[in-house]
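Colleague: Could you walk me through this one slowly? I am still new to reading structures.

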Amino acid sequence: MMSALLCLLFAAAPAGNASVLERVSEDVLQRVTTAGLEGPVGLTVEAKDAAFSRAVATVVCGRLTRARLSCEVLEAAPSNVIALAKQRELSTVVRLSLSTDATTVFVKGDALETWVNFWAGEQPTRGPRATAIGLSYELDGEIAALTGVPLTPTPAPAIPLELKLTSLARWNTAPVALAAGDLDGDKRAELAVLLNEELVILSPEAKVVARFDLSSAPQASATPREPFGAIAIVQAPPRVIAWSGRRARAEVLVLAGSTLKAVGAQDTIPLDVVTARLEPGLNRFLPDVLLLGQRARFPTGLQATSSRGGVTLLVWPDGTGTVTRASGPLGRMLDVGCGSALADVDKDGLPELLVSTARTAGDADELRLLTLQAAEALAANAQSTRSTTPSWQATLKGRVIVMSGADLDGDGGEEFVFGTWLSDGTGELWVARRVVP
């Protein structure tokens with residue numbers, strides 16, 4: 001004997017090329033016949049959209065009729081439909097409620113007999129047969145048009161991350177600081193490079209736009225053994241802040257045509273979300289900083305930093321690195337060189353991380369491209385960046401000592417620009433662009 005409510009069933013994956021309307025009608029017919037219910041059938045359908053309700057009622061009733069279960073659409077509230085069906089001598093009532101979200105169509109309701117057999121005496125020989133209906137389907141174009149719900153496109157398969165290296169410039173000295181930003185309003189990033197104490201502004205094609213000598217500023221109380229410095233390109237209005245490690249303060253400069261003009265000096269430099277000061281005599285920044293405008297003190301002075309899309313990379317002098325979001329640092333990755341940075345190369349809103357090694361000697365360096373998720377997992381478990389399979393990697397001559405993300409093409413996606421220090425004392429500027437098939 002059938003129970004009053006058999007079970008709650010959910011539709012599985014789409015069958016063949018049938019539309020959602022066709023599948024609803026077939027599934028409702030299956031529930032009715034499996035429960036042993038007979039015709040004629042009264043059908044009521046509730047939905048937010050009248051066109052959707054009428055379409056389902058028409059298709060379902062038509063399918064029941066073709067299966068020799070004559071069907072009639074009843075215009076009545078669900079609570080009154082049974083009484084109306086009895087008046088019209090309908091043996092079965094099917095009540096459906098329809099709803100959709102951005103991806104799914106939901107069909108809920110029941111099917112039940114309208115009469116009870118009292119032939120055997122005062123007690124019924126059996127109760128009314130019934131079954132619950134619970135169905136769900138992936139939204140298709142037909143239902144999307146009926147309901148006005150935008151059809152979410154199927155996500156395209158992920159394209160592997162691969163970079164192509166191109167040399168931009170070579171110098172007889174190593175680049176000691178690097179920054180990128182739009183200085184002329186054309187939506188493409190210019191590059192600012194510090195060579196010893198000369199600041200050079202390059203176009204996106206690496207042509208020299210302007211130069212400025214920083215050596216006229218007052219000397220620092222102590223100078224680092226190796227060249228060091230920092231550059232920031234800030235907006236509103238566009239300007240360059242450049243600080244040589246041999247100088248006590250940073251110069252504030254504006255670009256006018258092919259000339260850099262000094263408009264002031266300051267003793268801090270904004271490096272994305274971190275505002276810091278150079279530590280005299282050392283290749284790093286003092287641990288007391290402003291972090292997102294709030295005073296903070298790091299355990300030690302940082303060596304490099306990069307921020308993109310609410311994510312910040314901090315590189316420490318011991319060859320470790322921290323990737324942090326708003327929740328704060330969760331741990332440190334091992335083997336992160338100062339020539340490392342964040343950039344959104346695939347334009348998905350989440351930056352990728354390109355890391356150099358932490359080695360301080362040798363004639364070769366290795367670059368490894370990590371997704372943000374991979375980098376956070378390494379930091380959480382204090383693992384080396386060389387302990388995971390990168391999205392891309394390359395080995396090149398020299399040591400990578402500076403790096404920045406830059407939108408050189410103005411297309412909204414970024415490239416990695418980095419500088420190397422070769423064993424003969426010369427330097428080279430490179431760009432790593434994403435390869436899209």
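Colleague: Which residue follows H2, and what is its phi like?

Modeller: H2 is followed by Arg68, which has a positive phi near 65°. Helices (H or I, at least four residues) and strands (E, at least two) are DSSP runs, numbered from the N terminus. Please keep in mind that this is a predicted model, in which local features need pLDDT of at least 70 and side-chain atom pairs count only at pLDDT 80 or more, while totals for chains, interfaces and linings use all residues. Residues are numbered from 1 along each chain as its sequence is written, and side-chain values use heavy atoms, with hydrogens and water left out.

Colleague: And how far does H2 reach?

Modeller: H2 has 17 residues and reaches 24 Å from its first C-alpha to its last, close to the 24 Å expected at 1.5 Å a residue; the expected span is 1.5 Å times one less than the number of residues.

Colleague: Which residues touch the most other members of the largest nonpolar core?

Modeller: Leu43 and Val94 do, in a core of 33 residues. A nonpolar core is a set of buried Ala, Val, Leu, Ile, Met, Phe, Trp, Tyr and Cys residues joined through side-chain atoms within 4.5 Å. H1, S1, H2, S3, S4, S5 and H4 each supply at least two residues of this core, and H2 gives the most, with seven residues.

Colleague: What does Val94 touch, then?

Modeller: Not counting residues up to four places away in sequence, Val94 touches Val28, Val32, Val41, Gly42, Leu43, Thr44, Asp110, Ala111 and Ile133, where contact means heavy atoms within 4.5 Å.

Colleague: Changing topic: why is S12 largely enclosed?

Modeller: Five of the six residues of strand S12 (residues 239–244) are buried, so the rest of the structure largely encloses it.

Colleague: How many bridges join S11 to S12?

Modeller: Six bridges join strand S11 (residues 229–234) to S12, and the two run antiparallel; strands pair if DSSP finds at least two bridges between them. Ala232 has Ile241 in S12 as its bridge partner. S11 and S12 form a hairpin with four residues between them, and Ala236 in the turn has a positive phi of about 55°.

Notes: Buried means under 20% relative accessible area, exposed over 50%, partly exposed in between (1.4 Å probe, protein chains only).
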